[in-house]
Amino acid sequence: MRYERHLILQGELWRLFTAHCVHLNLTHLGLNLAGWWLFLKLCGSLFSLKQLSWYILVLAFGISGLLLSLQTHLQWYLGFSGVLYGLLLRGGIQLSVQPERGLGLALISVLSLKFAWDSYNSQVLSSAQLIGAPVILTAHGYGLLIGCILSVPILYKHLKLK
């Protein structure tokens, strides 16, 4: 079920989605479930099930598609964290244009700091050490990029109303 470049290129396109549903070990799964719980707690009520399902699909296929086309050296990938980064950013942006503006800005700030910390401090205790495998930070970055793109309509609507 994981993203395996050569199998995707041979036609196993479902791996573009299923890669985000499987995990390396229980620690990896636990970290992703903690992130999912955080998202649901802070942002879950902002979106309908249909919207949330759409965002997950767009993020999963978008991240995998970008990995496939731009990270040609990457042979395998798995995990939900890139999708989580995108969902958390989308939720933070939604909150930032509502009365909970402070919570939204705090969420965006923490997410940005976590991404920067992981990018520049790979030698200290990190997610990679916890899960026992390298973290594909590019997937997190692609999740953030797609989360920004998914936020364009709400930002446009918010700015248009002002």
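Colleague: Is Ser69 buried, partly exposed or exposed?

Modeller: Ser69 has a relative accessible area of 48%, so Ser69 is partly exposed. The scale is this: buried means under 20% relative accessible area, exposed means over 50%, and partly exposed is in between, using a 1.4 Å probe and protein chains only.

Colleague: What should I know about the model itself?

Modeller: This is a predicted model, where local features need pLDDT of at least 70 and side-chain atom pairs count only at pLDDT 80 or more, while totals for chains, interfaces and linings use all residues. Residues are numbered from 1 along each chain as its sequence is written, and side-chain values use heavy atoms, with hydrogens and water left out.

Colleague: Where is Ser69?

Modeller: Ser69 sits in helix α4. Helices (H or I, at least four residues) and strands (E, at least two) are DSSP runs, numbered from the N terminus.

Colleague: And how far is Ser69 from Phe17?

Modeller: Their C-alpha atoms are separated by 15 Å, and the two residues are 52 residues apart along the chain.

Colleague: What about Ala60, buried or exposed?

Modeller: Ala60 is also in helix α4, and at 1% relative accessibility Ala60 is buried.

Colleague: Which residues does Ala60 touch?

Modeller: Leaving out residues up to four places away in sequence, Ala60 touches Leu16, Phe17, His20 and Val83. Contact here means heavy atoms within 4.5 Å.

Colleague: Next, Gln71. Where is that one?

Modeller: Gln71 lies in the loop between α4 (49-70) and β2 (76-77). Gln71 is buried, at 16% relative accessible area. Beyond its neighbours within four places in sequence, Gln71 is in contact with Arg5, Leu66, Thr138 and Tyr142.

Colleague: Changing topic: how many aromatic pairs are there?

Modeller: Rings of Phe, Tyr and Trp (its six-membered ring) pair if their centres lie within 6.5 Å; planes under 30 degrees apart count as stacked, over 60 as edge-to-face and the rest as tilted. By this rule there are six aromatic pairs. One of them is Trp36 with Phe39, a stacked pair at 5.7 Å centre to centre with 25° between the planes.

Colleague: Where do Trp36 and Phe39 sit in helix α3?

Modeller: They are three residues apart in helix α3 (residues 26-43), which means about one helical turn separates them. Trp36 is partly exposed at 24%, whereas Phe39 is buried at 0%.

Colleague: Which residues are in the ring cluster?

Modeller: Ring pairs link Trp36, Phe39, Phe47, Tyr55 and Phe80 into a cluster.

Colleague: Now the helices. How is α3 placed against α5?

Modeller: Their axes come within 10 Å and cross at roughly 15°. Axes are lines fitted to C-alpha atoms, for helices over the stretch in contact, and angles run from 0 to 180 degrees between N-to-C directions.

Colleague: What do you call that arrangement of α3 and α5?

Modeller: α3 and α5 are roughly parallel. Angles under 35 degrees count as roughly parallel, over 145 as roughly antiparallel, 65 to 115 as roughly perpendicular and the rest as oblique.

Colleague: Which residues of α3 meet α5?

Modeller: Asn32, Gly35, Trp36, Phe39, Leu42 and Cys43 in α3 do. On the α5 side, the residues include Ser81, Leu84 and Leu87.

Colleague: And how do α5 and α8 pack?

Modeller: Helix α5 (residues 81-96) and helix α8 (residues 137-161) pack at about 30°, with their axes 7 Å apart. α5 and α8 are therefore roughly parallel too.
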